[in-house]
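Please keep the sequence and the model in view while reading.

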Amino acid sequence: MSKAQREQSARERIKAQRESEKKQEHRKRIATYVTVGVVAVAAIGAGWLFAANQSQSEQAAANLAPVTIQSDGSVVMANAGVTAPVVDIYEDFQCPACKQLEETSGTTFKNLAAEGKAKVVYHPMTIFPPQMNKGITRNNSVRAGAAARCVTDGKQWMAYHDKLFANQPDETVEGFSTAQLVELGKEAGVTAPDFAQCVTSQKHAQAYVAASDKTIAANNLKGTPTVKLNGKDMEQNTVFVPSELRQAVLDAAK
């Protein structure tokens, strides 16, 4: 091998190594879950990330259960008369692990509600501390959470919820601008006449943050996503595996 060929080979190995490191860093970022005031990275290949990678999402049912927006900002999805088991989902629209949960088990939550097997309650909140990334990450989360409160129709709220997760920005850069949030509302079919003005002015930001802080304290939440079944924390390895999530909820109904 000539000197030029050796140099070319070395450059290619370095390039390949850098690409590998970038992919590894991306996986670590997706595996990040946020605790109050601290960012902790889950071990790759273990815990909920491993479970998520090994799972298969359910097919969505033809119709959603009725969706009702509560005065405190939580959202209930349940058929008439279904009061238990209760599945509470505490989530942050900017949280990468929450997005992973939505992609993996989101249809299972919806299907269980549609089948009358559970009452599912969504609790949008902001878990990121102000000092993280100079406030960028928290601000992204607050803008999205406040925007979701501008949706007054339950079915439209769920469509917007899904759009927010599908378009989640990287947590290290500024995203979820009010202009984008308004556009996502249009794509989700939001028809509230004052939606754009509500989002642009961040009308509900203060109330959203207050409710978020209250929810964190009242439920002793350490991170997102947190899923509770009849008031008890579910294991991440369960909620990230749709088949096990379903079975746990069905067992709770017995």
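The model shown is predicted. Tyrosine 160 is buried, and phenylalanine 195 is buried as well. Both residues come up again below, once the chain as a whole has been described.

The chain contains 10 helices and nine strands. Of its 254 residues, 46% are buried. The exposed surface comes to about 12,800 Å², with carbon and sulfur atoms supplying 50% of that area. Among contacts with a separation of 6 or more, 74% are between residues 24 or more positions apart.

The sheet comes next. Six strands form an open sheet in the order β3-β4-β6-β5-β8-β9, and their pairing is mixed. At the edges are β3 (67–69) and β9 (232–233), each of which pairs on one side only. Strands of a sheet pair through backbone hydrogen bonds, and they can do so in a parallel or an antiparallel sense.

With β6, β5 pairs in the parallel sense over six bridges. Within that pairing, aspartate 88 stands opposite valine 121 in β6. With β8 (residues 226–229), β5 (residues 86–91) runs antiparallel, and four bridges join the two strands. Here isoleucine 89 has valine 227 of β8 as its bridge partner.

Is β5 enclosed or open? Six of its six residues are buried, so β5 is largely enclosed by the rest of the structure. Both of its faces are covered: one side carries Val86, Asp88 and Tyr90, the other Val87, Ile89 and Glu91, and all of these are buried.

Searching the whole structure gives three aromatic pairs. In one of them, the ring centres of tyrosine 122 and tryptophan 157 are 6.0 Å apart and the planes meet at 55 degrees, so the pair counts as tilted. This pair links distant parts of the chain, since tyrosine 122 is in strand β6 (residues 119–124) and tryptophan 157 is in helix α5 (residues 154–166), 35 residues apart. Tyrosine 122 and tryptophan 157 are both buried.

Another pair is made by tyrosine 160 and phenylalanine 195, which are edge-to-face, with 5.6 Å from centre to centre and 90 degrees between the planes. It too links distant parts of the chain: tyrosine 160 is in helix α5 and phenylalanine 195 in helix α7 (residues 195–200), 35 residues apart.

Helix α5 itself has 13 residues and spans 19 Å from its first C-alpha to its last, close to the 18 Å expected at 1.5 Å a residue. The buried residues of α5 are Gly154, Gln156, Trp157, Met158, Tyr160, His161, Leu164 and Phe165. As a general point, an α-helix has 3.6 residues a turn, so residues three or four places apart point the same way.

Helix α6 (residues 178–188) holds leucine 181. Where does leucine 181 stand, buried or exposed? Leucine 181 is buried, its relative accessible area being 0%. Leaving aside residues up to four places away in sequence, leucine 181 touches Arg143, Ala144, Ala147, Tyr160, Leu164, Phe176, Phe195 and Val199. Both members of the edge-to-face pair, tyrosine 160 and phenylalanine 195, are thus among the residues that leucine 181 touches. Leucine 181 also lies 8.6 Å from alanine 196, C-alpha to C-alpha, at 15 residues apart in sequence.

Conventions: Residues are numbered from 1 along each chain as its sequence is written. This is a predicted model: local features need pLDDT of at least 70, side-chain atom pairs count only at pLDDT 80 or more; totals for chains, interfaces and linings use all residues. Side-chain values use heavy atoms; hydrogens and water are left out. Rings of Phe, Tyr and Trp (its six-membered ring) pair if their centres lie within 6.5 Å; planes under 30 degrees apart count as stacked, over 60 as edge-to-face and the rest as tilted. Buried means under 20% relative accessible area, exposed over 50%, partly exposed in between (1.4 Å probe, protein chains only). The expected span of a helix is 1.5 Å times one less than its number of residues. Contact means heavy atoms within 4.5 Å. Two strands pair if DSSP finds at least two bridges between them. Accessible areas come from the Shrake-Rupley method with a 1.4 Å probe; for residues, only the protein chains shown count as cover.
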